[in-house]
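Trainee: I have a structure to read. Can you take me through some of its features, step by step?

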Amino acid sequence: MVVETVVVAIWVMLPAYLPNNVAVVAGGGRPIDNGRTLDDGKRILGDGKTWRGTAVGTAAGVVAALALNQLHPFVSGAVAADPFPIAAAVSLSFGAMLGDILASFLKRRTGRQRGASFPGLDQLDFVVVSLVLTAITATGWFLETFTLPVIAAVFVLTPLLHVSTNVLAYVFGLKDEPW
Ligand code: CTP
Ligand code: MG
């Protein structure tokens, strides 16, 4: 029972987990805010949020969802979740990137430099926005899939997965900070 819930939670969140990690390796080039600052003199988002990272990260999440849909017939006995509708694939993936972008906006407003940590926000920003966006654009699928136990599993597992993948990315020299 618990194992099933955890399997569903990880399966349906993969399209949201991938984008930020792909952006780390695919990012670079023109920042989304084009270097602009707000009245507070601080960058809108900072150099860590780029068009390329966002586009490639989002695409990776959508491709992951489509790939999981192809696998679905072979594992539907083990994974109690319906295939991703395209709206859910895009919302989970783009929502994750958007959550991360909103977090950078908040980090800059609170005086944090690029790369500074914001405990709590760093681990859950992308989950909250991808779930809210998916609830709006693929409501039926969302309600069937994200039962309360699955949501609970997502909120417990995500910080653990986030911390461990970021430490790994840091150890392998892909990221400048371990968060
Ligand atoms: N990245 C990107 N575009 C995004 C998100 C991430 O290009 N939308 C890339 C950037 O190269 C960024 C790296 O992935 O430096 C790590 O992402 P993240 O930790 O989210 O950014 P930070 O550089 O730490 O900046 P911030 O303080 O704004 O989070
Ligand atoms: Mg960072």
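This is a predicted model: local features need pLDDT of at least 70, side-chain atom pairs count only at pLDDT 80 or more; totals for chains, interfaces and linings use all residues.

Trainee: Which parts does the pair of D33 and R43 tie together?

Mentor: Both residues lie in the loop between α1 and α2 (51-75), so the bridge ties together parts that are 10 residues apart in sequence.

Trainee: Is D33 buried or exposed?

Mentor: Buried means under 20% relative accessible area. D33 has 2% relative accessibility, so D33 counts as buried.

Trainee: Which residue forms a salt bridge with R43 at 2.9 Å?

Mentor: That is D47; the distance is between the closest N and O atoms. D47 is at 39% relative accessibility and therefore counts as partly exposed.

Trainee: How many salt bridges does a search of the whole structure find?

Mentor: The search finds 5. One of them joins the side chains of K107 and D122, at 3.0 Å from N to O. This pair links distant parts of the chain, with K107 in helix α3 (residues 86-109) and D122 in helix α4 (residues 121-137). Both K107 and D122 are buried.

Trainee: Now helices. At what angle do the axes of α1 and α6 cross?

Mentor: Roughly 45°, and the axes come within 9 Å. The two helices are therefore oblique to each other. Their crossing is right-handed.

Trainee: What classes of residue make up the contact of α1 with α6?

Mentor: There are 12 nonpolar, 5 polar and no charged residues. Among those meeting there are V6, I10 and M13 in α1, and V150, L157 and L161 in α6.

Definitions and conventions
Residues are numbered from 1 along each chain as its sequence is written. Chains are lettered from A and ligands numbered from 1 in the order in which they are written. Side-chain values use heavy atoms; hydrogens and water are left out. Axes are lines fitted to C-alpha atoms, for helices over the stretch in contact, and angles run from 0 to 180 degrees between N-to-C directions. Helices (H or I, at least four residues) and strands (E, at least two) are DSSP runs, numbered from the N terminus. Angles under 35 degrees count as roughly parallel, over 145 as roughly antiparallel, 65 to 115 as roughly perpendicular and the rest as oblique. A crossing is left-handed if the near helix is turned anticlockwise from the far one by less than a right angle, and right-handed if clockwise. Contact means heavy atoms within 4.5 Å. Ala, Val, Leu, Ile, Met, Phe, Trp, Tyr, Cys and Pro count as nonpolar, Asp, Glu, Lys and Arg as charged, and the others, Gly among them, as polar. A salt bridge is a side-chain nitrogen of Lys or Arg within 4 Å of a carboxyl oxygen of Asp or Glu. Buried means under 20% relative accessible area, exposed over 50%, partly exposed in between (1.4 Å probe, protein chains only).
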